[in-house]
Amino acid sequence: MSDVHSPLHDEHVALGAALTSFAGWQMPLRYTSDIAEHTAVRTAAGLFDLSHMGEIGVTGPDAGRFLDYALVGNLSGLRLLGARYTMICAEDGGVIDDLIVYRDTDDTFLVVANASNHDTVLAAFAERTAGFDVAVEDRSPQTALIAVQGPRALEILRATEGLAEAGHDAETLKYYAAIPMTFQGNPVFVARTGYTGEDGFEFFLDAALAPALWRAFLAAGEPFGLVPAGLSARDSLRLEAGMPLYGNELDRTTTPHDAGLGRVVKLDKVDDEGKPLPFVGRAALEGRAQSEPARVLVGLEGLGRRAARHGYPVKHSTATDAPTVGTVTSGAPSPTLGHPVAMAYVTPEVSAPGTELAVDVRGRYEPVRVVALPFYRRHR
């Protein structure tokens, strides 16, 4: 089966992007260089096509109650035009996907899933709707998603011709919230969440309008240093920001607690009578919350020049007979910090910041130091 093309595919081709197959989509890996695109997002702004993400509408009188049952978070308590990071887990507590949920109206939610898990999340939702007055709709085919990320993002939004704020002020929009806007008179749902560690906005709109908005952003953003950025820069940016990637830090063998994200599991959510609210995976996650971890997700600062990569063994020291104490989940040189960084699962006794370990980089033990996540935090 051939890859799906983004609504912006022709725009990427015209810009000379290097395209790659990703989660069943043909997406831009880079346009110029990974470092240039990464640096532009940190210093000015980057323009991303995220149309491969899955958009799922959940509507109906029981929409909030259904999401409380299907997901680990308290979504019925989400404010209007609010956003929440959450997860969908299996009965054994393993993570099926990590999600962002937006509340558009009292009875209307938008769930954004990772591209690789879009069909899986839809199937899990279908299995969990029994007993709820709710409709689940796949909105992905008709939806495009464009992101402007970086310290100049708000200025670029304000300068974009045809984009209007529709009675809401984008400047006062809080992090993890959304507002309605319009582009050329058509509705656009605008969020301020992001996956780069920088300020920025995400624009959900009809796929047919996406090329015009993409070009409008490029024109408005040129004086501010905006450049189109691909998947490679997006990955190095999220790694610096210590944000998990499904398939690396999260998977079916990992619970939210393993990843240091136990805070998203709301064991205190209750029904109208104050009784604990059942949700899929609750029993397993209650047990996991009360037990000592077998492994801990940590940041690793490279002390040498060679970068650790996904799957590389973490060793207790640089000694040739040092035991393995973990595995790298993500790793790369950090353009912002100037040295390699990685995330890894390690055993608890070596997880304290400052602990010096090593990573087996193709037979050579490279020294690393455990550090607190994230590696990079923007100035606010």
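The buried residues of helix H8 pack against strand S6 (83–89), contact here meaning heavy atoms within 4.5 Å. This is a predicted model, in which local features need pLDDT of at least 70, side-chain atom pairs count only at pLDDT 80 or more, and totals for chains, interfaces and linings use all residues. Residues are numbered from 1 along each chain as its sequence is written, and side-chain values use heavy atoms, with hydrogens and water left out.

**Helix H8**

H8 covers residues 282–289, and Arg282, Leu285 and Arg288 are buried in it. Buried means under 20% relative accessible area, exposed is over 50% and partly exposed lies in between, using a 1.4 Å probe and protein chains only. Looking down the axis of H8, the buried residues fall within an arc of 125 degrees, so they line one face of the helix. That arc is taken from the directions from the helix axis to the C-beta atoms. As background, an α-helix has 3.6 residues a turn, so residues three or four places apart point the same way. Helices here are DSSP runs of H or I with at least four residues, strands are runs of E with at least two, and both are numbered from the N terminus.

**Rings and charges**

Now for the aromatics. Rings of Phe, Tyr and Trp (its six-membered ring) pair if their centres lie within 6.5 Å; planes under 30 degrees apart are stacked, over 60 edge-to-face, and the rest tilted. By this rule there are eight aromatic pairs. With 5.8 Å between the ring centres and 70 degrees between the planes, Phe66 and Phe132 count as edge-to-face. This pair links distant parts of the chain, 66 residues apart: Phe66 is in helix H3 (residues 63–70), while Phe132 is in the loop between helix H4 (118–128) and strand S9 (135–138). Both Phe66 and Phe132 are buried. Phe203 and Phe217 make a tilted pair, joining strand S14 (residues 200–206) to helix H6 (residues 210–221) across 14 residues. Phe203 and Phe217 are both buried too. Phe66 and Phe132 also belong to one aromatic cluster with Tyr69 and Phe125.

| Aromatic pair | Centre to centre | Angle between planes |
|---|---|---|
| Phe66 and Phe132 | 5.8 Å | 70 degrees |
| Phe203 and Phe217 | 4.9 Å | 55 degrees |

Some rings have a charge over them, which requires NZ of Lys or CZ of Arg within 6 Å of the ring centre and within 35 degrees of the ring normal. The charged end of Arg42 is over the ring of Tyr376, 4.0 Å from its centre. Lys269 lies over the face of Phe279, 4.3 Å from the ring centre.

**Strands**

Two strands pair if DSSP finds at least two bridges between them. S2 and S3 (residues 25–30) run antiparallel, joined by five bridges, and Leu19 has Pro28 in S3 as its bridge partner.

Further along, S11 (residues 163–164) and S12 (residues 178–183) pair antiparallel over two bridges, with Ala164 opposite Thr182 in S12. S12 also pairs antiparallel with S13 (residues 186–191), over six bridges, and Pro180 stands opposite Phe189 in S13. The hairpin of S12 and S13 has two residues between the strands, and Gln184 takes a positive phi near 50 degrees there.

**The annotated domain**

UniProt, in an unreviewed entry, places "domain: GCVT N-terminal" at residues 8–269; its positions follow the numbering used here, feature names are shortened, and annotations may be inferred rather than shown by experiment. Over residues 8–269 the chain is 24% helix and 31% strand, with the end C-alpha atoms 41 Å apart.
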